[in-house]
Amino acid sequence: MAETGLIAIGASIAFAASALASAIAEKAIGTAAIGAMAEKEQLFGKGLILTVIPETIVIFGLVVAILIIGLAG
Amino acid sequence: MIRTEKMSHVVMIAPKTAKKDIISKLYELGVYHIDPYKKSDWQQGTKQTEQQDVDRGRPLQEGEQLASAIVKLRALLTTLDIQRDHNEQELNSIKIDNATIKKEHKISRGDFSELIKKLDQMYTKVLNLLEDKKEKREQIREAGEKIKLITIVKHLHLTKDLLRESQYLEHYIGSLEEGEACKRELAGISSRIACMITKSDEPGRDLAVVYFEKKSNKQQEIAEVLNKHGFNEIDLKQILDETGKGKPQHIDQFIHTLHNKMSTLTRQLHQTQMELNTIKREHSRFLLKFEELLEKETAKAEVPLQFGETQRSMIMSGWIPTQKMERVKHDLNAITDHKIHIQDQEDGKNAPIKFTNPAIVKPYEFFLHLYELPNYKELDPTWLMFITFPLFFGIMLGDVGYGLVTLTLFSILRLKMPQFKALLNIMIFSSLITILFGVGFGEYFGFEHVSVETGEVWCEKIGLCLPVHEVEMRGAGGGAEIERIADFPRLLNRAHGYVDVGGMRLLSVLVMAFLIGVVHLNLALFIGFINIWKNHSLAHALLEKASWMIIQLGAVLLVLGYGKIPLLGYGIYPLTGYIVLTAGIIMLYKGEGVQGLVELPAIFSNMLSYMRLGAVGLASVGLAVVVNEKLTLPYLEKGGWFVVLGIFVLVVGHVINIVLGVIGPFLHSLRLHYVEFFSKFYKGGGVLYSPFGQKQRE
């Protein structure tokens, strides 16, 4: 019982922390990308790529969270 | 379609006497992509003594005239407010080509003096009319002002005598707020102030005439009171001069004359406007067509700026698709009577690229325009994106209901917004794949199953019999209970399908995504291998690209060795794995240097990154399940008004999920291509083939 709760908390920390991390990273990159795009519109593609690179962090977080939930099973 | 169109580098030298003919022919052919002249290009390798001065070409002589005509023409289009795009459809439907307009206006080839004269006349006329319009407006405004002032005089019963400079009296005339209150306040200052208040035409303001003694020391206080009421002084002297002595009959006469003048002016203004409208109506088609014609001619007149010229000849450098080469040679020789030297060379480093994709793949070029165009030496990856982009999108969204919604939505948008046709075609195709995967995953608006009762009803009523399963439902308390449900048929259960990997219980959709990543990345390495092999050598390709594959093989062998898993019946020593892995790493170091070693872990994190194909989908399923089972169903079971609330939650929840479900998979699918896939083989940096004459015609 109590263990299930701890597992759930563990999973949510894994996900939330990685989501925050990628949000902070994307914020900085996104700002710069928009700035660059304002000067040269063709940079959209490159800006998009750079902005979504930290997205991987949250995917890993999600995968880890799912693995942790698997412990409960 | 794997390769972009084959190009020939073409250098042509011709006498300047044939300049005009050659330019016209090139424009008509519309296949010559011009490399702008650079002085340095022509001076390399020539001996200083032999070197003849090659200079930038000069525009055709009519260029200046055409340029000034086009400026006037555009000014006319703006002042007459002729909408270009508005008329575009109409113009296209009329289908008059330049030949017709030339015939209509009887102009011979290349001679626009008649048309330009006509344009000049029209320009002068319009300018005069506009000037006239402006003047009339000013006069009307002045008359209006005068009427306003004279009305004040009339209201206040003022005469010229009353406003004369006097030795003893000072006066203020103007408008202010709350006249009566002001009058009382002034009376409070001194009894020797005369104040007269009348209503004015302006709402909320009164007219006031204030008289006081010049020698009085109250001047300051009076000014303060007047300022408090927002006093605006009005100068009436000039208007009284104009009306004669300002007697009532004079004033009425004056107002009458002014009104007459105003109506005459208004009539004239209207007439001027009508004239302008007539010009617009009658000539807008001509103007728009003429603009097109002039643009074309200016382009021709200015193109020599991109050529090189010596005293007597001109030199052009550029690209033509190899298959059109013969035709171009033939045509140019014909019009110059073989006085042109054409030197062509197949392939080159900096050739512009022209896509050769079939219509169904063409929309996906959009993604390359968004990123960077491939260079001439590379394979064109558009056709790969055509296969994998919708596939990835479908795997991530993977729901029949959502697929149908997005399909409908994008089909409607495609009708409404033809300018985004390419992107919407991609989305429509992606929606179809989504439906396909939805069937495979057995998901319908996030529902994976219905209750046994509903299943029985469906079986009786519409003959749709769903198989009944028993599943373990884990409640909030953690205890498991067995429940019977009517399950939708499926190939893979996204939310609850597990597979056993080396003793770990993993969601099968994540494992599947990882495997797709392995295949996709190795495909990318393979394309990179071919690119390098073609452009450099097999050895380079082996060291730079095959080394990555060998490293992967080494890693797999290591896992098999340590896990004691036999391969094809043979046991594997971990040492074998180490040997292969080391060999791969050495090759990589030889191929890409230290940079390659630094990037070594990236290949595995890239593969893991493909797990998003499963993870994004799981998030979308999770949200849908929460909306359906945790929010909506409890409300529906309560009955009454809760049903309305339940349906509201259901609709809002799914709308949000669909919006996220389009944005998320779109970006993630794009990102997997741009970041993980392209980084293995794509160099980019190509220039789009844009031949002289093409743009104007399309």
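Leaving aside neighbours within four places in sequence, which residues is Glu365(B) in contact with? Glu365(B) is in contact with Phe355(B), Asn357(B) and Thr382(B), where contact means heavy atoms within 4.5 Å. Glu365(B) is found in helix α12 of chain B, which covers residues 365–371; helices (H or I, at least four residues) and strands (E, at least two) are DSSP runs, numbered from the N terminus. Glu365(B) counts as buried because its relative accessibility is 7%, given that buried means under 20% relative accessible area, exposed over 50%, and partly exposed in between, with a 1.4 Å probe and protein chains only.

This is a predicted model, in which local features need pLDDT of at least 70 and side-chain atom pairs count only at pLDDT 80 or more, while totals for chains, interfaces and linings use all residues. Residues are numbered from 1 along each chain as its sequence is written, chains are lettered from A and ligands numbered from 1 in the order in which they are written, and side-chain values use heavy atoms, with hydrogens and water left out.

Chain A follows the pattern α-α-α along its sequence, with 3 helices and 0 strands. Its average pLDDT, the predictor's confidence in each residue on a scale from 0 to 100, is 85, and 95% of the residues score at least 70. Within chain A, confidence is highest in helix α1 (residues 2–39), at a mean of 90, and lowest in helix α2 (residues 44–52), at a mean of 80. The C-alpha atoms of chain A fill a box of roughly 55 × 15 × 10 Å along the principal axes. The radius of gyration of chain A is 17 Å, whereas a compact globule of 73 residues would have one near 11 Å; this radius is taken over C-alpha atoms, and the globule rule is 2.2 Å times the number of residues to the power 0.38. Of the 73 residues in chain A, 32% are buried.

Chain B contains 24 helices and 15 strands, and its C-alpha atoms fill a box of roughly 130 × 95 × 60 Å along the principal axes. For its 698 residues, a compact globule would have a radius of gyration near 26 Å, but chain B has 42 Å. Buried residues account for 44% of chain B, and among its contacts between residues at least 6 apart in sequence, 79% join residues at least 24 apart.

Several residues in loops of chain B can be visited one by one. Lys218(B) lies in the loop between β6 (205–213) and α8 (219–228), and because its relative accessibility is 28%, Lys218(B) counts as partly exposed. Not counting residues up to four places away in sequence, Lys218(B) touches Ile189(B) and Ser190(B). Lys218(B) and Glu483(B) are 265 residues apart in sequence, and their C-alpha atoms are 99 Å apart in space.

Most residues other than glycine have a negative phi. Glu178(B), however, has a phi near 50 degrees, a positive value; Glu178(B) is found in the loop between β4 (169–177) and α7 (179–189), and counts as exposed because its relative accessibility is 56%. Phe445(B) also has a positive phi, near 50 degrees, and is found in the loop between α15 (421–441) and β11 (449–451). With a relative accessible area of 34%, Phe445(B) is partly exposed.
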